[in-house]
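Please have the structure open as we go.

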Amino acid sequence: MEFPSQLLYAQDQILLALMIFIIMLGMGASLTVDDFRAVARSPKGVLTGFLSQFGLMPLIALGLAIILKLHPAFAISLILIGCLPGGTTSNMFTYFSRGSVALSISMTTASTVMALFMMPIILSLYTVEFTSQLTADMRAGGAETEFVIPTGNIISSLVLVLVPVIMGMILRKKSPGWAKTMEDTAGFLAVIVILYLILTAFVRHGGLFLQTPVTVYIATIGLGMAGFFFGYWFSRLIGMKPIFQRAISLETGIQNGPVSFAIILLSFNEPVQSQMLWLAILYSTFIVMTSSGITMYFRKHGKFDWDIYKNTQIHNRLFGNDFVTKYPPGFLPARLINDPSQGTQPAQKR
Amino acid sequence: MEYARFERIEADNLALLYSEAAKRFDDLPAFATRKSAQDWQPVTYKELYRQGLNLATGLIAYGVKARDHVGLFGDNRYEWILADYGVQLCGAADVPRGRDVSDAELKYIVGHAGITFCFAETKQLAIRLLKLQVELPALRHIVMLDPAAELPEGVLRLQDIYRKGEELRNQGDREAEERIAGIRPDDLFTLIYTSGTTGTPKGVMLTHANMMSQIRNLPGHHNCTDRTLSVLPIWHVFERIIEMYTISFGGCTYYSGIITLSEDMQNVEPTFMASAPRLWEKIHEKILANIKKAHPVRRLLFKIAYFLAKQYKNSEYFIKNKDLKLKRQPAWKRWLLMPLHVLRWIVVLPWYGFFNAAVLERIRLGAGGSLAATISGGGALPIHIDKFFNYVGIPVLEGYGLTETSPVISVRPKLNLVVGTVGPPIKETELRIVDPETGETLFPDPACTAGGRGKRGEILVRGPQVMKGYYKEKNLTESAIRDGWFHTGDLGMMTHNDCLKILGRHKATIVLSSGENIEPEPMEMHLQQSKYIDQCMVVGQDKKFLGLLVVLNGCEFVKNGIKHRSLQELVQIPEARELMKKEIRRLISPATGFKNYERIGDFRLLPEKFEVGHELTNLFKIKRHIVTEKYSDLIDHIYSNHSPKK
């Protein structure tokens, strides 16, 4: 397949870098030091999230790459996306799907830090097959080099990406008002830039959408969907609360797209860079649509659980922690009666 | 839905509703009283019913008979609902009124309703009633609700009655149960005196059947996880029906107040509430003020969000056929515009989605975030407020009704949201639009195009919620209810998508947005005493203050040295306006016996006289709706600057 050797022009790269900076700043602005402490308070949730984010997702990505026989560059990009940390987008979607926002934020913070160690390990483990394929291709093309995953560069780009996050957190501490503004602006900007990239790609390389193999579309859409599906059932099977199931599901499927842009731009070179970037852009576009759909489904599906959870929580807030909300017999379905988690307080456990 | 059977209780009367709710909802909280922002005192359904039975037994012991009228004077608090439980469970009816009742009204109500036993919320109210007792020998017992206040001599405490009843019940007294069994659907549960429109208040007789039909027919799906915030006065039948409705589905009612409202909205996160236009005006003002104070970027984000929401919702309303349809529209026009709206809807959707989530949700959180619906009643909701909240995504559902119809006649359900209307009539309710002059039925009229939709006239209503009548006012009742049709005195029309649009009052009474009722005719008579005023009309329905339209008496101005050739010229002269201003201030003031809210905030001089056949009837009575329509620009101008001119 002939792939345009330069997907992005210089000005786009600057724009993209600026966007990544602002988005990560916005992400930092939504975090406080307390969020890190919260991770320690809900170890079970965060651990489940960790397992599904760094265990399930990369495996799904690897599986998809093998089954769909993706081009090695696409495959590496897909696996890279598979082991990314979560972003702030997932927090917003979790909020609207009536999931636990606190857990979502804890998972985002934990995975962002953990990614520093986990990403290089997973990436070098899972991409062996594809890097050797790439090396073979390059040798066949007459080059003398060997393709290796630039582990060092990936770690340094991750660290670089964390700089604006920390700046954002400082901003939040200094001026919460500005931080809020930053958060909103960042979200808005992300939508604008992704649309801009898609549109320019469309204008400059009109054929690109047609040239892209169907398998790439399936992989980019499927990665997120499979993440939602397995994240949901994994957490449900090990007995998490409904509100946590929804949070883990979304957090697993939604990855921090901008971080992947940063890593690809900073750590990889042509001939693979453009292809990797293209897959990342496609993923970022489709994930917004699929997670909107999933959120709407969760929102409707989870309304009853949520109403009960919320009402119980408010009773405890206003009437004291000892107050026990007793619903009439037959009102709660079996799955909720047996769920010890519907209340927030020990007294609420039925 | 598998939980549908938990949606609402249907019973024959309020007492049975209370007892069924105690059985079904048992230990769920029924009412909660605020102690501090985060500390509320709940009382469960079972406990409330138990206390209610004790109180009822106590009331019987103090001589309250079945179908007696028991006064209940006070505002929203737990003891109010307990007293109501007591009254209903001993088969009597209550006569409620708020703390702000005047002595004259109190005297009239107690006398007219034949009250022998009454509750008074506060010490002051109890003392006022004590003083009136001299002129009202029939009034035997006054019971104070406030448990904390010091007890004036000659007044009983609620606890006294309660303990008496508790003692009797412990001894096996079960007379309350017999009383409950004896309640007929046709018996009154309340007798509400509407604030005086034409001098004396009228006692509206509402029966158990009226109330039960409302509980049965109100649209909406609620269950025992719902939270209702109570902020309107409980003695208004609208707030009362919402609290009774809440009991029927097992929700909890939280007593809030105007002062703590915004705090309570965030702590209680209500899912349902009864509200009034003034409340939403205030919240609207507050939201706008906050946006003005906010960071410029956020302000911009809000503006974009609001703009997108407007585009999105307007297209959605159009596509779903929920736009305001006052005029008949040809079908081809709709189909021609349809693709454009669908296109706009699709283009705006992703942007709206983002801004809705990021910006508008924060505004909704200000109202607690869980608010699934709030019915606004008790006056017309200004269209810009209505639009604002529905664009932002806080479903303010406008309803329409009167005390006489207990009160809901129609309400905009969430799934049939036509902004600017009060929705279709609720179940079991029939509507008619009738020409106020000739009495001819305009809607429904099969002979007419579109069945009479889009024609304006007086609204008539027939249904199970229409009152039994005015107490001891046979003539008034007969003129209000003819052949089962209640004449509302309001003007309205049926839109082309079958929603009711209210167009003002046919009866002259002006209701300000603060809820004050003003009878304009006596005021106009008073104003016309002035030699400078030829004719005048007071306006201000649903506004914050009264306005006046004046036709000047030209000759008197000439005598005063203000020369002019025509009325048109006179109204342009600043001195004339200045003179008029002084004159109005002289005539309408507390010194001349007018209340503060009856002050004329602003006025406009009319360039033409009112003519018979146009603005005047043959009997020289002003046709208010004609004048309002003709000078709508001038009236709008009076209220375009928000504060009244001093």
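Buried area, as I use it here, is the accessible area (1.4 Å probe) that two parts lose on being put together, summed over both. This is a predicted model, in which local features need pLDDT of at least 70 and side-chain atom pairs count only at pLDDT 80 or more, while totals for chains, interfaces and linings use all residues. Side-chain values use heavy atoms, with hydrogens and water left out, residues are numbered from 1 along each chain as its sequence is written, and chains are lettered from A in the order in which they are written.

Between chain A and chain B, about 3100 Å² is buried, and carbon and sulfur atoms give 67% of that area. On the chain A side, Asp184(A), Leu318(A) and Phe331(A) lose the most area to chain B, together 19% of what that side buries. With contact meaning heavy atoms within 4.5 Å, 32 residues of chain A and 37 residues of chain B take part.

There are 3 salt bridges between the two chains, each being a side-chain nitrogen of Lys or Arg within 4 Å of a carboxyl oxygen of Asp or Glu. Lys310(A) and Glu269(B) meet in a salt bridge through their side chains, at 3.3 Å from N to O.
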